[in-house]
Each structure stands twice: as C-alpha cells, then as structure tokens.
Amino acid sequence: MISRVLYKFRLYVAGDTQNSAQAVANLSALCKAHLVDRHEIEVVDVFRHPKRGLADGILMTPTLVKLVPSPTRTIIGTLSQAQPVLLALGLEAIAS
Amino acid sequence: VNQEKLPFAGDTAEELPALIERLLETSQRIEELTAGEVDTVSDRDGRTFLLPSAQDQVRYREAAKQTAILNALPAHIALLDIQGIIISVNEAWRQFASANVLQGPGYGVGLNYLEICDRARGVDSSEAHQVAKGIRSVLEGAKDFSIEYPCHSPTERRWFLLMVTPLADDHSNGAVVMHLNITQRKRAEQALDELSQRTQRRERMLSMVLSSISDFTYVFNREGRFLFANQPLLNLWGIALEAAVGKNFIELGYAVELAERMQRQVREVFETKKVIKDETLYISPTGVHGYYEYIFSPAVAADGTVDFVVGSTRDVTERKQAAALVAESRQRLALATESAHIGIWDWEVVANKMIWDTQMYELYGIREQEFSGAYDAWQKGLHPEDQGRAEAEIASALAGDKDFHSEFRVVWPSGEVRDIEAYGVVRRAIDGSPSNMIGVNWDITMRKRGVNALRESEERYRDIFENASDLIQTVATDGTLLYVNHAWRAALGYKDEDLAGLNFLQLVHPDQRAKTEQWFQQAIAGAALPLVESQFISKSQKGILVEGSVNAKVVNGQVVSLRCIFRDVTEKKALEAQFLRAQRLEGIGTLASGVAHDLNNMLAPILMSAPMLRWGLKPEQFEATLNTIESCAQRGAEMVKQLLTFGRGVEGQRVLLQPDHLIREIRKIVEGTFPKSIRVRSNREGDSWPVVGDPTQLHQVLLNLCVNARDAMPQGGTLTCKTENVTLDQQYAAMAPEAKAGPYVIIRVADTGTGIPKVVLDRIFEPFFTTKELGIGTGLGLSTVLGIIKSHGGFIKVDTEMGRGTEFAVYLPAAPGRSLQADKDDSSPVPKGNGELVLVVDDEAVITETCRKSLEKHGYRVVIANDGVEALTIYARQAAQISAVISDLEMPFLDGVGLVRAIKRMQPEARILIATAIDGSDARNDKVAQLREIGVTSFLTKPFNSNTLLLALHHQFHP
C-alpha cells in the first residue's frame, strides 16, 4: 500500500558551507528516492535570516526539522547516514 | 607610546593566553561532538559562529573561485603590491611569461615589475617606460591607465593593450596589470581600413569611368532623388555633384510635365522591377537642348527588393535629325516620283526578281497582283515591235557596253498603247558580274503625241487674249509689234495688214514718248512693271490714254519679247480732272464767306474815303487818305490773286518750290479767313529743302488739311503748319512700302481739335466719305489730297488722339540735286557695335534683311529668326552668345510678348528691344502694358530709320 502522506521539511543551513551543502544534497536525494511528489522542503539560511533560527531554537547548522507528519523530529548533521536518518523520520517501513 | 591606552595592558596580559587556549579547546570539542558535520553554532541570542574548519573551507573555496576566474581570462593578469612587486599571476600570464623575459620558475612572481620596465632597452623601451610611469601613477592613486603598443615577434606582427587598475577602489595597496593581445582586433581594424580605402578607390574609379563616357549615367533612390550623376550630366545641368545629390527633377529645373513623367517611371521601376525605355525633348538650365533616349533599370538587392534605380541617357538629337532627314528625303523622292509619274524598278539579275513601285504598275496598266515579279513579266508587257530592240539594249547594258536608256511602247491589257522612256544602271558584284539593275520608267505618251494638245491650248489662250477688252500687244525688244488683240485694233483703228513692221513707239504721243521709252527700256532690262502709263495716237489722230502692266518673256535668260496689257483710261482721266476742279471749287466755296467779309472790310475804307476826297481836304489829310485807299486796294488785289490761284487748271506743273513759301501763303489766307479763336503757328522760313511739284495742287492739299483742322476745332485752338527735313533710308523704306530711301520734306498740319475716331480713321481717304453734314462736305477733300501727294511721289501719315488733336504729315520727296544738306545730315556719327551678336526677329524677311545690313555694317553680328518659335529655338541654343534681341511685336504662333517671357525666363537680364507699329509709350495698349510689366522698356516705333535703330541698340549696351 502506498502512503500518500505529505512530508514537510525545514532545513537550516549556513550559506554554502560544506556540511550545509552536503545536507541539502542528501535531503534532495532522500526525497527523490522515497517521497516522490509528496514532500515540501524549506531551506533557511541562518546568515540571511538569523531570527528564524533563534525563534525555532536552532543551535547548529545544518539542522533538519520534519514538520509534518507529526511528531516533529529534529536531525543535526549532513544526513549522510541514510539508514538512521530514515529511521528517525519514520520512513523505514515504507522503504523496506 | 602610552602603555595605559593599549587594550591588553596590565592584568589582561596574563588572561589572554588562557582565553585563546579555551577558544581552541571549545572549537575542538564541538567538532568532536558533532563529528565534523556541523558548520555553525548559535548562542542563545541567535549569534551565529562559523566553526574554524568551515571557515577554512569557505576561504579556500573563494580563493579557488577567483583563481579559476583569473585563469579563465585570456588577458595576462598580474597583481602588483604597492611596491610594484608581482604577487600573483594568472594562467595566461604564465604562458605569456614562458615565452618572454619573465621565464623562470615563478613566472616573475616576486620580481619588481616597475624595475623590469625601467630596465627595458631597445625597440620597445619607450613604451616600457610609459608603462612604468602609468603603473606608478595608479599606485599613487590614479583611477586607471591604459596603452596600446606593438610587440612584434620575428614571425608575426602583434599588438597589446595594457591596462592598469588599482587593486582596491578606496586606497591604493597595489595594482592589477592586464595585458591583452589585440592583434586580432588590430588586424581587423587594418583590414577594414584597407577595405574602405579600396572601396573609396573603386568608387573614384567608377565615377571617373562613368564621367569619361559621353552618355549620362545616374542613380535614383525610391523618392526619385538623385544619388549620383556623372560629370557629363552635371555639366549639362551646370552644377556640382554635391548640389545635385538629394534633388529631384523639379528641384533640378525640369519642366513640370517631364519631371512628373520621369518621377512616375522611377516609381514604376521600383514597383515592377522592369526596365523602362523612353525618349524626350529636354532643355537644360545651361541652355543645351536636344532629344534624349533614356533607360531606367532596377538595381535589385540580395533580398529581392529594388535597392535603387540606375539611369542612362543618350543624346540622340543627331540621330533623330538624321532620321527625320532620311524620312523627309524619302518622302520627297516619293512625292517627286509620284507627281512626275516616274516608276522605279529594281531587278535582281541572278535571282531574276523584279521589284516595282506602285507607279510602275500604273505605267504598265496592270495591278500589283497581276505582276509575277520576274523579267518575263516585264518583257511580256512590251509592244511586240519594240520587244527585240528593248531586250537587246538590256543585254548590252548588262554586258557593260553602255547604260540602259531606251524608249519603247507598252501594251496595256486593255489594248491601249503607251510610250515609255526608260533609264537604268547596272550594279555589279566584286567579280564584275551584274548583280542588279536599277532604273526608272516614265510615260512619254503625251510628249510623243502632245503636239495637237499644245496647239489646242494655244488656241484657247489666243481666244482669251483676242476677246479681252484690254488692249494687249506683244512687241519685240526693238518695239516692233508682233501681236495685237482685237480690242487694241479697235481702239487704235489699225488693221492687221497695217501693222507689219510697225514700231509701237511711233504710235505714242510725242509728249509721252520719252517717258514711255524709259519704262520700255526698264522692262527689257528685266523689271516687271505693274503700272505704266502712256498715250497712243490712233489712226484717226485721237489721243488715247492708257495704263497697264508690262511683262517680259524670257527664254534661256534672254528677254525675247514684251507683253503689254493696257486699259483705255482716257475717259477716266478726264473724270479725275473734273473731280479735282470740283473739289477745288468746293474749297473756294467754303472760303467765300470769309473772303467776302474781308473784301468788304477793305472796300469800306475806300468807299468812305471817296466822299472825303470830293469834299476837299488839307494836303496832309489828302495824302493819308490816298495811302489808305491804295493799301486797301492792294490788299484786295492780293486777295483776288490768291483766289485766282485756285481757279487755275489741273494740269500737273512741275516747278522747283520752297514748301516754306507755300506755308506762308496758306498762313495768309488762313489768318484772314479762319475764326480768330484759332491761333496759327508755323516754323521759321528758309530751312526746308526745295521740292518739285505743282504749287496750285500743293496749295490745295494744304488748304484742305487746314480747313479740316479748322472744322475739328469749333471751339478754337491752335493750328500748326511746319516743315521738317528728313532722310529716309533703306531700313525705313523696307517697312513703309510707299516710301523710298532718300531725302524728304515733311509738311505737318496739326490741330488741337477733337481727334478722329478709329472707325473713321480707316476710311478718311476714301472718296465720297465725309463726316460733315450733307451739302457742306463732298467727301472728296482727303482723297484729293492723297491723289495729289501720290502724284508727287509722296505719302501721308496721320496721327490722331481723341480729344487731343490730329496731325497730318505730308512726305514729299525733296528735289534731287538740291539736297546736299541731306547727305551732310546723314553722315552724322552713329555709335558702332563691337561684334555683339544680335538676334533679329520679324516675320517680314525684308525687315530682317535690312536690319541685318544696317547692323552688320555698323559692327554687329546678326542672327535672324522669322518667327517667335524659331527665335526661341535659336536663343535656347545660343543664349550665352546673344547679346541683345530685337523683336517684332506681332508675329504668328508666338508673338513678341510670349517670346520675351520665354527669353526672360532663360535669361532675366536679356537686352530686348521691341519693334512695333504701335506707339511704345502707349501704355493703354494691352501688349505694351504686358511687356512693361515684365521689364521691357525699350520700344522702336515702326517704321524707323537705321540711325534710330542703331541709337536704340547702342543705348541697350550703354544705358
């Protein structure tokens, strides 16, 4: 059974620094593989919008926040380790 | 240095190393905790810090990016520090340097670029020094510096652009030096330069070529404006190329009609892309005129539209004229052969083809379709008896013995026989064999058989002569009568048999013989005399007055006989004499009342004196009374004598007399008899030349004119009688048919009366025409005057203006041999011309010819036109040479006004003299007014003397 649940992500980055760039690339690959046509990604650059980070309580970049579906999950890092990330996002069942 | 002001003075000096230690530890710990996957961290206030590893990455990437950009640039770039030392170079520089002085491990990095430039010696050293100067200026704060310089290698020519810009905008901490190889651009520029030079040269060449051909070539744009015109065309227009470019036909002075037509054709070429050929007559602003053939062709661009139109024009005036001449001569030949009934034939001998013109068919009595066009067809038409001979003659001509010239008879299909005369020439090929034979035929039937016809026609004429009512005689050159007609014989009472050997001069009245012999000799000399007079004595001794014409019969340039046609005017002359007398009596009658009054005035003192004498007077009173009587009687006698003068006969007397004396006598009568309200004036006596005439008749003339003058002034006025001497020349005589060149005396009788209306003026010399009441005038006065003046060889002119008065001018020839003074007057100096070319325009050949003679004799050159159109043609062609124009006013086709308008348009400053029979000062005349409006002020009143003409012309050149 194919789930049609929409995933909304917010990715906090710091310009085009290496780790942030990697996180953006990893998230895109993940969504392409598992969430085709049912995801939205908002990328927030903390250098440009420092107040957004403050408001959302983000202490480090890159940080990924899964907004929908609940529960909200926060993952810090480059998202390079696919399996733990999928698990954290609750996507393991779908993937397997 | 004040230690207190340093930020890290005092205790902080010990705290700082500890803090730095903690900073390093902190960042190392965060790296550990986040496994190096985090770039930034934020504190609680939202301040974001880039971690040291991420900072390194960012710096490295920026530098890599800039290096990549610099290396990607084709320019050789080096960064200099404030000293001028090369601190960095890009890839292009490295490649460049490896081939140059900067070769070495660092490609010049670390060397002082300024020193390198300063050290430069040799060919490019001046540029190098300039570069060093430029870099220093930028390092010292200048905005930028650039220079282009050649840097040729042995194998190729190269150019570089060197640009120096400050490293940073705000303060100078170094400079960027950039070399750019601009050889390509330079080459392109040079190529472009060469191309444009080549193009210019080609354009010049093309223009030269186009200008060296005599045809006109030119280019139009879409609006029909000229983009180009070659030199010949510019010369025709008389302007430079710059002035012509951008102009259209109208602006170049083309006639509106022609301009519109050509404009239309240019448009048509643009629209249809078709070539247009046409021809036109054109008169250029420089006065050249001719017939031109032109071609407008489209110049089609790459996209298929018409870019411009190219035109080419050829002057075909001569060809046209030649073609016209050929056509004309062909027409003339056709007309000649046709009217002379001459047939033309052309026989191609080898092909045996005979071509006939239409006349030939008529001569042979056949139709064109009945003629086969071969020699046999001709031969068949000949009379059988003449065939052999004619053919032999043809053969002889072909053999070259002689030209073909023959007479033969032809037989028409209708059976009619005609005589033909034939002539032909043989044309031969190069080898001498006859190629064709061309000739003519004409009908000589009439000549052959025409003797009878001639006789008939002679009889017809003889019949007319014989039965004519005029007296006709033919005489030999010695006066022997050869033929007289019936009327002649009847009038003179001679029979044919009396006439043999009779000389007609013997039949002339002795009084008339001298005069008759005179005109007889003139006629033999060749003069045609339209009016001669004589008097014959008939066989019965009766005088017969005749007048008529004499014509000479000329054979081979020799006068062989004279034919005289006379009319018997005996009765007519008698009547004329009666008329004259009657008219004179009428004149006396009008005087009678005045004379009676005067006579009474003179008789009254005599009558009154007689009783006084009877009474007895004192001696002195007695004497005075006798004197009165005597003088009164004398005046009476004189008056009677005057009257008697008028009673004399009419026979023409010819005595030498002074016109001034005539005027004195007339003045006496006029003053005695005319109302006192009329004042009489006359000129001083003794100045006039003598004339030969009949005093009585001339009295009558003057009296008639004076009486008319009196009647024209019922309210009184001034009557002027005066004489004037004048010499008329050939010029004048050419314009006034009744005048002859020579000395004349003019007697002027002028009044200040009512003037003569135009309708009346035309008829005043008619007999029996009168404006006076019935019974007062006979209408013979002026016709008598005219008759008398004519019989004196003179003429009369009238000048009248309504309300101002009338002047009659009587011209009498001055006595020959007594007019020495006349010649003296004539020799007064006349201004001469200086080779100026004068155009004389008049439709009367006599006038133009006399003008030509006078002008050429006095140093002018003359060109003649016989009407306005011809004048205009000549003027258009020779405007530059013609210095003045003398033109008649009244001419057919194009009159003086039109001509002057046209000339003034071509040459506004043209000198123009108008000759007119109208008074040129008469502004009421329409044409005169028009001429004055267009600036013509010089008029010559016709007729004029040569001197008048020369003076007026001289005045044109020296106003």
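This is a predicted model: local features need pLDDT of at least 70, side-chain atom pairs count only at pLDDT 80 or more; totals for chains, interfaces and linings use all residues.

Reader: What makes Asp386(B) and Arg389(B) a salt bridge?

Author: The closest N and O atoms of the pair are 3.8 Å apart. The cut-off is within 4 Å, so the pair counts. Asp386(B) and Arg389(B) also belong to a network of salt bridges that links them with Glu385(B), Glu393(B) and Arg409(B).

Reader: Why is Asp386(B) called buried, and what is Arg389(B) called?

Author: Asp386(B) has 8% relative accessibility, and buried means under 20%, so buried is the word. Arg389(B) has a relative accessible area of 38%, which falls between 20% and 50%, so Arg389(B) is partly exposed.

Reader: How do you know that Asp443(B) and Arg418(B) form a salt bridge?

Author: Their side chains meet at 3.0 Å, N to O, and with a limit of 4 Å that makes a salt bridge. This pair links distant parts of the chain: Asp443(B) sits in strand S17 (residues 434-443) of chain B and Arg418(B) in strand S16 (residues 417-428) of chain B, 25 residues apart.

Reader: What makes Arg852(B) and Glu849(B) a pair, and where do they sit?

Author: Their N to O distance is 3.5 Å, and the rule asks for within 4 Å, so this is a salt bridge. They sit in helix H27 (residues 845-857) of chain B, and because they are 3 residues apart there, about one helical turn separates them. Arg852(B) at 25% is partly exposed, and so is Glu849(B) at 34%. Over all chains, the structure holds 36 salt bridges.

Reader: Now the cysteines. How many disulfides are there over all chains?

Author: The count over all chains is 0. Take Cys721(B): the nearest cysteine sulfur, that of Cys706(B), is 3.9 Å away. A disulfide needs the sulfurs within 2.5 Å, so Cys721(B) is in none.

Reader: Are Cys721(B) and Cys31(A) buried or exposed?

Author: Cys721(B) is at 6% relative accessibility and Cys31(A) at 0%. Buried means under 20%, so both get that label.

Reader: What makes Val24(A), Ile41(A) and Val43(A) a nonpolar patch?

Author: Patch members need over 30% relative accessible area and no salt bridge, with nonpolar side chains joined within 5 Å. Ile41(A), in strand S2 (residues 39-45) of chain A, has 33%, so Ile41(A) clears the area cut-off, and its label is partly exposed. Together the three have about 200 Å² of accessible area.

Reader: Which residues form the negative surface patch?

Author: Glu456(B), Glu458(B), Glu459(B) and Asp463(B). Asp and Glu count as negative, which is why the patch carries that name. Glu456(B) is found in helix H15 (residues 451-467) of chain B.

Reader: Last one: why is Tyr292(B) called buried?

Author: Tyr292(B) has a relative accessible area of 3%, and the limit is under 20%, so buried it is. You'll find Tyr292(B) in strand S11 (residues 289-300) of chain B. Tyr292(B) and Asp315(B) are 23 residues apart in sequence but 4.6 Å apart in space, C-alpha to C-alpha.

Technical notes. Residues are numbered from 1 along each chain as its sequence is written. Chains are lettered from A and ligands numbered from 1 in the order in which they are written. Side-chain values use heavy atoms; hydrogens and water are left out. Patches are made of residues with over 30% relative accessible area and no salt bridge: like charges are joined within 9 Å, nonpolar side chains (Val, Leu, Ile, Met, Phe, Trp, Tyr) within 5 Å. Accessible areas come from the Shrake-Rupley method with a 1.4 Å probe; for residues, only the protein chains shown count as cover. The place of a charge is taken as NZ of Lys, CZ of Arg, CG of Asp or CD of Glu. Helices (H or I, at least four residues) and strands (E, at least two) are DSSP runs, numbered from the N terminus. Buried means under 20% relative accessible area, exposed over 50%, partly exposed in between (1.4 Å probe, protein chains only).
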